[in-house]
Amino acid sequence: MWDRIYYEFADTWAITKRNLLRYTRLPQLIFFSSIQPIIFLTLFNFVFGGALGSAGAAFHGKYINYLLPGIMVQVVLFGGLQTGIGLARDINSGIVDRFRSLPMSRAAVLAGRTIADSIRNISVIAIMLIVGYLYGFRFYNGYWNALAMVGIYLLFGFAFSWIAAFLGLVLKDEETAQLAGFVFVFPLVFASAAFVPVASMAKWLQHFANNQPITFATSAGRELALGVPGNGAAWKLLLWTLGILVVFIPLSVWSYRRRT
Amino acid sequence: MAQEFAFEVKGAAKYFGEVKALDDVTLKAEQGKVFGLLGPNGAGKTTLVNMLSTLSEPTKGSLKVLGVDVVAEPQKVRKLIGLAGQFAAIDPYLTGRENLYMVGRLYHLSAKESKKRTEEILDDLKLTDAANRLAKTYSGGMRRRLDLGASLVGHPKILFLDEPTTGLDPRTRLDLWQTIRELVAQGTSILLTTQYLEEADELADRIAVIDRGRLIAEGTSSQLKAKLGGDLIEFELEDANQKDAAIKAVTAVSKSKPTYDEQTNVVSVPVGSDGSRKLAEVVRQLDQAKIIPRRLSLHEPSLDDVFLNLTGQSVADVESERKRKKKRGRPDVG
């Protein structure tokens with residue numbers, strides 16, 4: 001019993017280490033996955049920033065204060081998508097067959113991947129904060145709340161990784177997994193409070209935008225970073241995070257275990 | 001207590017929808033031996049290996065590895081086996097050493113034991129010099145060796161080698177054969193799948209031939225060849241009038257009646273096994289009868305002969321048929 005629990009962790013660590021080592025061997029991947037969010041942040045801030053100046057008014061006068069939490073959520077989700085792509089690649093390369101023939105934990109291959117991708121998300125978040133600061137973003141609500149924002153985003157990204165893992169396992173193809181991920185991440189991110197206020201959207205869309213997790217995530221982040229009212233968005237986000245984990249961890253592990 | 005079989009397959013079948021990748025296969029393999037599974041691409045070799053190594057479950061039938069049922073207790077089976085396939089299942093972005101160490105940890109060896117095993121295997125498989133290089137820089141043969149090494153880390157009692165030499169150059173193939181022989185000498189039981197009769201002949205104590213999901217023959221290499229009529233000696237006559245004298249001269253050596261083809265002027269002498277010794281005998285007999293043969297040759301049965309004989313279809317036919325039928329997607333159910 002105890003050694004089973006021990007090996008769940010030990011195996012997960014072995015796979016996490018493998019995935020992190022891979023990232024250090026692919027510096028170009030790290031480079032481009034860091035460049036991409038910087039480009040997003042830059043384009044949004046300087047392209048939409050002027051038009052949306054009024055949206056920033058309530059957020060200590062600057063659109064970047066409004067924008068950065070939104071972009072961070074987007075970045076964390078993109079990071080999560082990598083999980084599915086990576087898993088599909090492993091399945092096709094045959095290494096998953098090796099793992100499945102070993103007396104190791106059935107969840108470790110997935111957990112090791114989602115954890116490694118979350119660790120990579122930390123570095124991407126750090127880069128976003130640095131560039132955000134250069135563009136004028138500031139925390140207005142203390143260190144602990146700033147840390148809490150980073151924490152809930154990482155956790156949300158981790159949960160999202162499990163959705164992507166399931167997609168990767170079911171679709172078994174890198175490109176399809178990537179496309180499938182984008183197909184539902186884009187509408188979720190754009191039809192949310194991530195970049196523009198929900199009140200400016202079409203009426204029918206507002207209902208959706210006001211009640212989906214990306215909006216909760218951005219509102220929660222703004223509350224924690226800037227001290228503006230969030231109407232309990234942080235709790236709603238945590239509920240969503242928990243819900244995703246409860247559904248998609250068993251679903252992914254089941255899909256991995258299934259021996260067809 | 002009776003010794004367990006290395007593996008035991010009873011009435012195993014695997015269907016993918018309409019496709020019967022494997023149908024009603026029954027096999028037993030003794031411990032400490034090499035069991036060869038011979039067949040063309042798509043015959044069902046990989047399907048059987050996948051079921052024995054717990055990657056997939058049978059549609060019907062039962063499979064046991066050292067007496068442990070693969071469906072009921074897969075985790076227990078995984079502790080007993082090592083698997084090396086036709087695709088080198090290693091991480092190209094880890095070094096050789098990191099790959100082996102990771103697999104050691106995943107076999108639940110201690111950190112110390114994993115390190116020790118890693119060095120032993122690097123040494124055994126002559127990979128020590130390349131141990132700190134990323135596996136993606138390895139040659140095809142080195143990758144295959146590393147893959148084999150990874151399957152050995154956990155001290156498996158049974159090793160499944162799925163076409164371990166497919167796509168390797170002849171020299172590397174010979175090296176790998178040598179490694180396999182050394183493993184058997186250490187007491188490992190091996191299931192080896194191959195498309196090459198030569199390879200099964202060279203390494204396997206027993207051979208099962210499968211084609212399109214069905215077991216079509218089983219036995220030792222010499223039993224299988226004997227079934228085919230074994231080796232064949234052929235020679236061409238200078239003068240067609242010598243045919244009766246020639247047939248008379250070689251009848252004593254021949255296992256069944258020699259045949260003569262009028263069009264090519266060729267006499268065929270089926271001699272069973274031990275063809276090279278019989279060849280000398282044929283030469284002596286012809287010499288005594290004062291017949292000088294042209295183009296004297298010895299044919300050993302090839303995989304193609306096995307197939308032709310057992311299925312009435314050559315390997316090339318099976319291959320081209322398979323290519324025609326092959327749909328998009330992961331190609332290998334075989």
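Colleague: How many bridges join strand S3 of chain B to strand S8 of chain B, and in which sense do the two strands run?

Modeller: Two strands pair if DSSP finds at least two bridges between them. Here, S3(B) (residues 34-38) and S8(B) (residues 189-194) run parallel and are joined by 5 bridges. Within S8(B), Leu191(B) is the bridge partner of Phe35(B), and Ile190(B) stands opposite Val34(B). This is a predicted model, in which local features need pLDDT of at least 70 and side-chain atom pairs count only at pLDDT 80 or more, while totals for chains, interfaces and linings use all residues. Residues are numbered from 1 along each chain as its sequence is written, chains are lettered from A and ligands are numbered from 1, both in the order in which they are written.

Colleague: In which sense do S3(B) and S9(B) pair?

Modeller: They pair in the parallel sense, over 4 bridges. Phe35(B) has Arg206(B) as its bridge partner in S9(B). Strands (E, at least two residues) and helices (H or I, at least four) are DSSP runs, numbered from the N terminus.

Colleague: What is the order of the strands in the open sheet of chain B?

Modeller: The sheet has 6 strands in the order S6-S7-S8-S3-S9-S10, with mixed pairing. Its edge strands are S6(B) (81-84) and S10(B) (214-219), each of which pairs on one side only. From one strand to the next, the twist averages 15 degrees. Helix H1 of chain B (residues 45-52) packs on this sheet and touches S3, S7 (158-162), S8 and S9 (206-211) of chain B; the direction of H1(B) makes about 150 degrees with that of S7(B). Such angles run from 0 to 180 degrees between the N-to-C directions of axes, which are lines fitted to C-alpha atoms, for helices over the stretch in contact.

Colleague: Which residues of S3(B) point one way and which the other?

Modeller: In a regular strand the side chains alternate between the two faces of the sheet. Val34(B), Gly36(B) and Leu38(B) point one way from S3(B), whereas Phe35(B) and Leu37(B) point the other way. Because 5 of the 5 residues of S3(B) are buried, this strand is largely enclosed by the rest of the structure. A residue is buried if 20 or more other C-beta atoms lie within 10 Å of its own, exposed if 12 or fewer do, and partly exposed in between, with C-beta atoms placed from the backbone.

Colleague: At what angle do helices H7 and H10 of chain A pack?

Modeller: Two packed helices are described by the angle between their axes and the distance between the axes. H7(A) (residues 143-171) and H10(A) (residues 213-226) pack at about 160 degrees, with axes 8 Å apart. They are therefore roughly antiparallel to each other; angles over 145 degrees count as such, under 35 as roughly parallel, 65 to 115 as roughly perpendicular and the rest as oblique. Residues of H7(A), including Met149(A) and Phe156(A), meet residues of H10(A), among them Ala217(A) and Leu224(A). Contact requires C-beta atoms, placed from the backbone, within 7 Å.

Colleague: How many residues of chain A are in contact with chain B?

Modeller: 20 residues of chain A are in contact with 25 residues of chain B. On the chain A side, helices H1 (2-25) and H5 (95-101) are the elements that give two or more residues. H1(A) gives the most, with 8 residues.

Note on methods: Two residues are in contact if their C-beta atoms, placed from the backbone, lie within 7 Å.
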